[in-house]
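Hi,

Here is the structure I promised to pass on. My notes on it follow below.

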Amino acid sequence: MLDKNYNHQDWEPKIYQLWEKSKHFTPKIDPAKKPFTIIMPPPNANGSLHIGHAKFVALQDIMIRYHRMLGDAALYLPGADHASIATQVSYEKILAKKKVSRFDLGREEFVKQCLDFTLNNKDTMFMQIKRLGASADWSRAKFTLDPDVSAQVLDTFAALHEDKLLYRAHRMINWCRRCATALSNLEVVHEEIEGKLYHIAYCMAQKAEFTNQQRFIVVATTRPETLLGDTAVAVHPDDDRYKQFIGKTIMVPFVNREIPIIADKAVDPEFGTGAVKVTPAHDPKDFEIGRRHKLPVIQVIDFRNKMTKEAGQFAGMNAFEAREAIIKELSRMDRVLAVKKFKHEVGHCERCNTIVEPQVSLQWFVEIEPLAKPALKAIEDKKITIIPKYFKKIYKNWMNDIYDWCISRQLWWGIQIPAYYCGTNGLSDLQKLMNPDLVEKNKRNEGCGKYVVSATKPDKCPYCGNTKLIQDPDTLDTWFSSGQWPYTTLGYPKSKDYQYFYPTTVMETGYEILFFWVARMIMFGLYRTGQIPFEKVYLHGLVRDAFGQKMSKSKGNVVDPLESIEKFSADALRMALVVGSTPGKDMSLGEPKIKGYRNFANKVWNIARFIELNSQGKTIKPFSAKTKLEKQDAAFIKKLDSLIKRTTKYLENFKFSLAGEGLYEFIWHELADKYIEESKDRLQNGDEEVLSVLHYSLKTCLKLLHPFMPYVTETIWQQTKTKDETDLVITSWPTV
């Protein structure tokens, strides 16, 4: 007999233990069964789960439980990401509180401590995912640093290099001085800030050729500290104001460098004065102009945001201090003609929000266009479907305007790049700066400076025979390893899991990482396996607070999933995250909504208890399609059949919110408020037919609701099932 009240805190742990003990989440390879596979997006193993994780677990678990009940071999493969930059930033904050830096520890000890930190977080995080009710196959759980997974990542690096799709070169990168690493363009968030636009007069080198009014060209810049690295001034070729100056030279203030005035169509004549300074070392647009015109690259701000010796009298200053000093000195010389307030977008590090410094650096790059073309074709040929479909256009636009990807990171935590240098001569100045211990250890090992790429360490340099090879100290961008997640988790290329479960069925994730992750999984999947990594991509939106505001700890509006589970139940949180959620759109979530679905769970419990109370001491006749029904019962069964059809159709078409909303409305209003209320007199009179219909209806509703609210439905099922019935989690999906 069901207890008077449903206590989720008592039942949820017991039910999950039942599922795990029975191994219902571990599908067997069966050629007679159709596989249905979801690879869980691996949460970063550096902290607790947040509400976004709860949302993807809820949506993915609905699909898995539904297909398991259909009889498919449903695999929900869980995992965790070592998350290079995010984890290193998190752990360095912990060290900072102890007034210790990673350089104090040294690389080996820092990596050891980071690993312990990550593994502890991973285990905690897996327990939290279980509390959400995820029916994941924990026997197949993966971590991006598992030896078999990382070995495939290294193989991909070596294969790309062999196919000439990977190269090492001096290119413009985004440098975060706080995280002390290069960033890809996707890791830079552009925010509009209010700055200043300075109009600065540059003196012509050929003064005798011009009138007094023409002896200066006024350039407009937001970053006067970089003028010390100018190697040209550029104007638009069709700008009549400056045509006479093109080909002449001008003097850079303070450093007295004579530089040319050039014409380039990249210059916007409407910006500022129409004349711009060109600093190839510190601006992406300037870098490209410099390449076209073969301009020198002069670094005046180093990787620690200090002015270099090329900055002359300002050398050693912090770059922001140098800006003030330069403007002060130029003003004294009457060279600052105007200072205007100016709103412009400035790149910030996605992880720490520090302003990013464009720098030219020797890094590893993937030539992305040859990988992007087949990934674009897979979408155009409808081999992969994106839900909602309007993201297909966004995906195509981005893939058609793609650029080479910087994959090397100056981090200590992560998968180390499988390139080996012959002595310290092969290391870049930045690598030497970021790895002083490595330089000290190899100070007598200059070598020939060449490198070899190999998934395993070579015995010696193939060029000079030196046996003291130095592995590249940089690590791989996390998106490089996680971009290979679908096939590396399944044991590519020879495992039975890979051969049966790959390509996977659905990749469900947030729309904000469509390019960070989804596009890269498609590119790598096609490149390494020759197959698409998944058939469908379902993109969910962000979870905002009840007022539509973005959740943040500073605002105090964060919904903690674990607190919500403790207070209202996992089932209530899951339903609150699913109902009202539209693919590709953000949704609002507040405590009243979660509480409302806690009340719904109690309603389902009370319905079951009412039916059980009225069944005491009675034999329940089995219900079937041949059962003769009263008009009232037949009308209700017709509505129930319609619910089965609608729910099945909605789940097949990824309309999870409509399915959940329909179940809520039917169970509460059609079953409880109408049919049960109308049946009470018949029950008191001993009507066996209505009891038979109620039992059938309850069982059917529990099955339909199970993917959404697995705990309360399984709890009721376990206490009401007959001896010949299986656990609800593996029972068959209802049919009309």
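In these notes, contact means heavy atoms within 4.5 Å. This is a predicted model, in which local features need pLDDT of at least 70 and side-chain atom pairs count only at pLDDT 80 or more, while totals for chains, interfaces and linings use all residues. Residues are numbered from 1 along each chain as its sequence is written, and side-chain values use heavy atoms, leaving out hydrogens and water.

Let's start with Thr 475, which lies in strand 21 (residues 475–476); strands are DSSP runs of E, at least two residues, and helices are runs of H or I, at least four, both numbered from the N terminus. Leaving aside neighbours within four places in sequence, the contacts of Thr 475 include Arg 107, Trp 412, Trp 413 and Ile 417. Its relative accessible area is 0%, so Thr 475 is buried (buried means under 20%, exposed over 50%, partly exposed in between, with a 1.4 Å probe and protein chains only).

Now the aromatic rings. Rings of Phe, Tyr and Trp (its six-membered ring) pair if their centres lie within 6.5 Å; planes under 30 degrees apart are stacked, over 60 edge-to-face and the rest tilted. By this rule there are 41 aromatic pairs. One of them, Trp 405 with Phe 480, is tilted, at 6.0 Å centre to centre and 50° between the planes. It joins strand 16 (residues 405–406) to helix 13 (residues 478–482), 75 residues apart. Trp 405 and Phe 480 are both buried, and they belong to a cluster linked by ring pairs that also includes Phe 157 and Trp 364.

Best wishes
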